[in-house]
Amino acid sequence: MYDILKNINSPKDVKKLDMAQLNILAQDIRDALFNRLTKIGGHFGPNFGIVEAEIAMHYVFDSPKDKFVFDVSHQSYPHKMLTGRKNGYIDDACFPEDSGYTNPEESEHDWFNVGHTSTSISLASGLAKARDLKGGTENVIALIGDGSLTGGEALEALDFVGSELKSNFIIIVNDNQQAIAECHGGICEHLNELRATNGKSENNIFKALGLDYIYEENGNNIEAMIKVLQSVKDIDHPIVVHINTQKGKGYKLAEENREAWHWCLPFDKATGKYTISLPAESYTSLTRDYILNKAKSDKDFVVITPAMPMTAGLTPDLREQLGSQYVDTGIAEEHAVAFASGIAKAGGKPLVVTNSTFIQRTYDQVSQDVCINGNPVTILLNFTSFDGLTDVTHLGIFTIAAFANIPNLIMLAPTSKEEYLNMLDWSIEQKDHPVMILMPGNAVTSRSADKNFDAINTFKIEKSGEKVAILALGDFYQRGEELATQIEAELGFKPTLINPRFASGLDKKMLEELKKNHQLVITLEDGILEGGFGQKVAAFYGATNMKVKTYGLQKEFYDRYNPQELLREVGMTTKQIIEDIKNLES
């Protein structure tokens with residue numbers, strides 16, 4: 001097995017192969033992808049579809065002298081195998097050595113640590129500008145997918161490059177007719193026209209922006225790709241190489257269901273079924289059911305997602321069922337938020353759904369277009385938890401610090417099924433506040449909860465006690481319950497357990513009341529401490545005798561960490577907190 005791949009230690013080895021060997025290499029790479037992905041999961045479709053193109057890239061160009069920049073880097077696994085990192089795919093013991101994205105710490109062939117979309121053209125154009133300033137002659141190549149072209153940064157970069165860059169710059173548009181879900185918007189429709197005319201349509205956005213253009217229908221043919229890339233190597237101006245590829249190529253299930261196989265959990269190759277069990281009920285399934293029921297009962301309700309429908313469990317059939325009450329803006333978070341603000345202003349009830357890591361791109365729209373205007377937009381974020389996505393590019397731990405300090409924005413942190421659904425319904429129905437809701441990342445728990453949250457920044461005492469008050473926010477509420485139980489068992493008194501519910505403000509009246517029979521306030525939050533919830537509490541008590549101990553994560557770009565080990569590292573296990581309480585009491 002891996003007869004050719006096992007001898008590939010750098011791109012130089014690729015250049016020594018004949019066409020027959022290159023095609024065997026393509027199959028070796030797919031076999032290696034199967035080995036890794038069936039066991040630990042990862043991005044499936046993007047990598048299977050780009051194998052031939054990346055072999056051709058390394059056959060024609062001279063990396064790392066010639067520079068490759070991958071958009072999102074969902075499709076960088078074959079590139080990694082061709083640049084000395086094959087063991088991360090063929091040797092199970094070496095899986096941890098390779099991240100799921102390009103990473104300069106791994107290899108000189110990677111220029112950026114990239115996990116967000118629509119960035120490659122901008123980043124690569126910067127490399128090209130620096131090359132020109134230094135008098136260099138190397139090729140600079142940006143690889144971007146058709147779905148990623150819908151992102152604002154990609155369009156800004158195309159606009160710039162076509163008119164302002166007058167030197168070598170190659171943009172490979174990998175057109176597999178798919179984002180994560182189906183493609184949306186005029187760009188994707190335009191690519192359809194270019195494919196249908198074999199690239200000959202006079203209506204060509206790339207040429208209109210000042211870029212040269214060439215089309216290759218056979219993007220999964222190594223010989224064809226080598227030929228087209230050789231024709232643009234060392235070109236003296238910017239050019240778009242538009243290639244047609246098959247997402248998921250080489251695995252029938254992935255070819256037929258491109259959305260489901262964009263990313264996968266560990267699975268059985270023969271059946272395609274996941275080899276790990278998933279809970280029957282999750283906050284994603286609760287969200288899905290809520291959206292469907294809300295849409296049926298309220299014609300003014302609309303769910304908006306920037307190409308992330310599955311974060312709310314909205315499969316293609318359900319999206320079709322929602323009809324005009326479902327909008328996919330493409331990979332365009334900024335537009336999604338501003339669009340929702342317009343809907344809210346006109347009396348609609350918009351719900352924007354995406355992952356927390358992607359909402360970072362909308363800070364200006366949330367602040368300017370939504371909060372300054374006070375429009376009642378509801379933004380629902382998945383994967384805000386520290387133990388959700390752990391790759392450095394996809395961390396949700398900055399969400400509270402980044403957004404909870406925007407004036408007028410109400411950030412809600414639910415702790416149970418009932419509280420989550422009640423917060424969702426209250427937010428969508430109320431007309432006074434922009435609201436951001438942090439979808440829980442824990443297993444679903446059930447507990448009675450209020451239905452009305454009009455009393456902004458009102459915390460809820462779940463268990464009354466003395467001496468120590470535990471403010472356990474959102475996903476860390478269950479940790480607060482465990483801590484309260486252990487305090488009573490080990491220290492002999494019953495602490496007060498508080499569910500803050502609101503991550504964006506303080507219940508000052510309650511905090512004042514705690515002074516009467518408490519000496520220590522503990523805050524637990526699923527995010528970084530700096531700029532977070534706990535620091536607000538500590539600042540409130542700053543000029544008093546109340547001791548405050550805040551627990552959360554450090555302001556750090558953690559990467560592929562073990563969540564439980566990270567808790568120990570930051571001193572946040574129940575045992576460690578109990579010891580801190582003992583020391584603070586002494």
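Predicted model: local features only at pLDDT ≥ 70, side-chain atom pairs only at ≥ 80, totals over all residues.
**Getting to know the model**

Colleague: Thanks! Which residue forms a salt bridge with Arg361?
Modeller: That would be Glu333, with the closest N and O atoms 2.6 Å apart. The pair links distant parts of the chain, 28 residues apart. Arg361 sits in the loop between α16 (356-359) and α17 (363-371), while Glu333 belongs to helix α15 (residues 333-345).

Colleague: And Glu333, buried or exposed?
Modeller: Glu333 counts as buried, because its relative accessibility is 3%, under the 20% limit for that label.

Colleague: How many salt bridges are there in total?
Modeller: The count comes to 30. As background, side chains of opposite charge can pair when their charged atoms come close.

Colleague: What about Asp425 and Lys294?
Modeller: Their side chains meet in a salt bridge as well, at 3.2 Å from N to O. Asp425 lies in helix α19 (residues 417-429) and Lys294 in helix α13 (residues 283-297), so the parts they tie together are 131 residues apart in sequence. Asp425 is partly exposed at 32% relative accessible area; Lys294, at 9%, counts as buried.

Colleague: Let's zoom out. How many helices and strands does the chain have?
Modeller: It has 24 helices and 18 strands. The radius of gyration of the chain is 26 Å, close to the 25 Å that the globule rule gives for 586 residues, so the chain is as compact as a globular protein of that length.

Colleague: What does the C-alpha trace span along its principal axes?
Modeller: About 80 × 55 × 50 Å. Also, 59% of the 586 residues in the chain are buried.

Colleague: Which residues gather in a patch of negative charge on the surface?
Modeller: Glu153, Glu156, Asp159 and Glu164. Take Glu153: it lies in helix α8 (residues 152-164) and is partly exposed, with a relative accessible area of 32%.

Colleague: Now the backbone. Which two residues does a cis peptide bond join?
Modeller: Ser63 and Pro64, with omega at about 10 degrees. Pro64 is placed in the loop between α4 (51-60) and β2 (67-70). For context, most peptide bonds are trans, and most residues other than glycine have a negative phi.

Colleague: Then what is phi for Asn198?
Modeller: Near 55 degrees, a positive value in a residue other than glycine. Asn198 is found in the loop between α9 (186-196) and α10 (205-208), and is partly exposed at 39% relative accessible area.

Colleague: And what is phi for Phe383?
Modeller: The phi of Phe383 is positive, near 55 degrees. Phe383 has its place in the loop between β11 (378-382) and α18 (399-403). With a relative accessible area of 32%, Phe383 is partly exposed.

Conventions
Residues numbered from 1 in each chain as written. Heavy atoms only, no water. Patch = residues over 30% accessible without salt bridge, like charges linked within 9 Å, V, L, I, M, F, W, Y side chains within 5 Å. Areas by Shrake-Rupley, 256 points an atom, 1.4 Å probe, with all protein chains shown as cover. Salt bridge = Lys/Arg side-chain N within 4 Å of Asp/Glu carboxyl O. Lys, Arg positive; Asp, Glu negative; His and termini not counted. Charge placed at Lys NZ, Arg CZ, Asp CG, Glu CD. Helix = DSSP H or I, 4+ residues; strand = E, 2+ residues; numbered from the N terminus. Buried < 20%, exposed > 50% of the residue type's maximum accessible area, 1.4 Å probe, protein only. Rg over C-alpha atoms; globule rule 2.2 N^0.38 Å.
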